[in-house]
Amino acid sequence: MTMALTLYDLAGADPDRRFSPYCWRIRLALAHKKLPVETIPWRFTDKDVIAFSGQGRVPVLVDADEALAGSWEIANYLEQKYPDRSLFDGPVGVALTRLVESWTDSLLLPGLVPLILGDVFAHLHEKDRAYFRASREQRLGMTLEAACADRDKKVIGFRQSLEPLRATLKMQAFLGGEEPNYADYIVFGGFMWARSTSPFKLLETDDPVAPWRDRLLERFEVARMAPGYDT
Ligand SMILES: N[C@@H](CCC(=O)N[C@@H](CS)C(=O)NCC(=O)O)C(=O)O
């Protein structure tokens, strides 16, 4: 029998509003493997709560006496420890999924920042607000408001940046092929970040990326039922 796993998962003022794109990767990976998990709502300033993991970011997964941090490390740990219902379909899949992760982390998520970061801020717990504003404004080199100005114009470039995803999804149902796998969850995690925080419409209605997003929502109740905006 599988012991219950525990996941520290980023939450907003509403403890049920879970919005980290990296935590979503792991929640979906766990759902894919049908592994039961207890999720603990974690706020940015709760650094002491996850200090046992040796760092200050989520996701953090606890499995019996093991603590793991970092979505890639956690996904690979789950794959090795619980090999049923593979997330990668073998070592070639692991290797290729690194490209999907790099693309998502270096292009997709940064492209979402000016579209949704103001909405993310609006959903934060009061105790996180000053920390979030100061740390993000230092990173961005400007205020949140300046970074998120003109999003109606910026969304055009964001949509163009999805072309590799769009071209792939015109040919197949999921990045994993006929069934979704961890590559899908990496990218979809970005869309869950937006869905859980922002009413802003990211995709045009006829965009082939939209039905892929819907297929994943349909497949995963944990994502479909999570507090968010149906855009
Ligand atoms: N590369 C890490 C990134 C994790 C990460 O940046 N998590 C954010 C939440 S989305 C975090 O915990 N940030 C803490 C902070 O900014 O202080 C992963 O893949 O897990």
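## The second largest pocket

In this predicted model, the lining of the second largest pocket is made up, by class, of 11 nonpolar and five polar residues, with no charged residues. Its volume comes to about 360 Å³, and of the 16 residues that line it, those nearest the centre are Leu96, Leu99, Val100, Leu175 and Ala183. The elements that give two or more residues to this lining are H3, helix H7 (163-169) and helix H8 (182-197), and H3 gives the most, with seven residues.

## The largest pocket

The largest pocket has a volume of about 560 Å³. Its lining holds 23 residues, and the closest to the centre of this pocket are Tyr22, Phe44, Arg57, Arg136 and Arg139. Two or more lining residues come from each of helix H1 (21-32), helix H3 (91-123) and helix H4 (129-140), with H3 giving the most here, namely six residues. When the lining of the largest pocket is sorted by class, 16 residues are nonpolar, two are polar and five are charged.

## Around the ligand

The ligand is surrounded by 15 residues, of which Lys47, Arg57, Val58, Ser71 and Tyr131 are the closest. For three of these residues a distance can be given between an oxygen atom of the ligand and an N or O atom of the side chain: 2.5 Å for Lys47, 2.6 Å for Ser71 and 2.7 Å for Arg57.

## Backbone features in the loops

Most residues other than glycine have a negative phi, and most peptide bonds are trans. Against that background, a cis peptide bond, with an omega of about 10°, joins Val58 and Pro59.

Lys34, which is not a glycine, has a positive phi of about 55°, and its place is in the loop between H1 and S2. Lys34 counts as exposed because its relative accessibility is 59%, the cut-off for that class being over 50%. Arg85, also not a glycine, has a positive phi of about 55° as well, and lies in the loop between helix H2 (71-81) and H3. With a relative accessible area of 44%, Arg85 is partly exposed.

Is Pro180 buried or exposed? At a relative accessibility of 5%, Pro180 counts as buried, because buried means under 20%. Pro180 and Leu216 are 36 residues apart along the chain, and their C-alpha atoms are separated by 7.9 Å.

## Cysteines

A disulfide is a covalent bond between the sulfur atoms of two cysteines. How many disulfides does a search of the whole structure find? The search finds zero. Two cysteines can be described by their accessibility: Cys23 is buried, because its relative accessibility is 0%, and Cys148, with a relative accessible area of 17%, is likewise buried.

Technical notes. Residues numbered from 1 in each chain as written. Predicted model: local features only at pLDDT ≥ 70, side-chain atom pairs only at ≥ 80, totals over all residues. Heavy atoms only, no water. 1 Å grid on protein atoms, 1.4 Å probe; cavity = no way out; pocket = protein on both sides within 12 Å on 5 of 7 lines; lining within 4 Å. Points joined across faces, edges and corners; volume = space filled by probe spheres on them. Helix = DSSP H or I, 4+ residues; strand = E, 2+ residues; numbered from the N terminus. Nonpolar A, V, L, I, M, F, W, Y, C, P; charged D, E, K, R; others polar. Disulfide = S-S within 2.5 Å. Buried < 20%, exposed > 50% of the residue type's maximum accessible area, 1.4 Å probe, protein only. Near = heavy atom within 4 Å. Polar contact = N/O pair within 3.5 Å; in protein donor to acceptor, adjacent residues only side chain to side chain.
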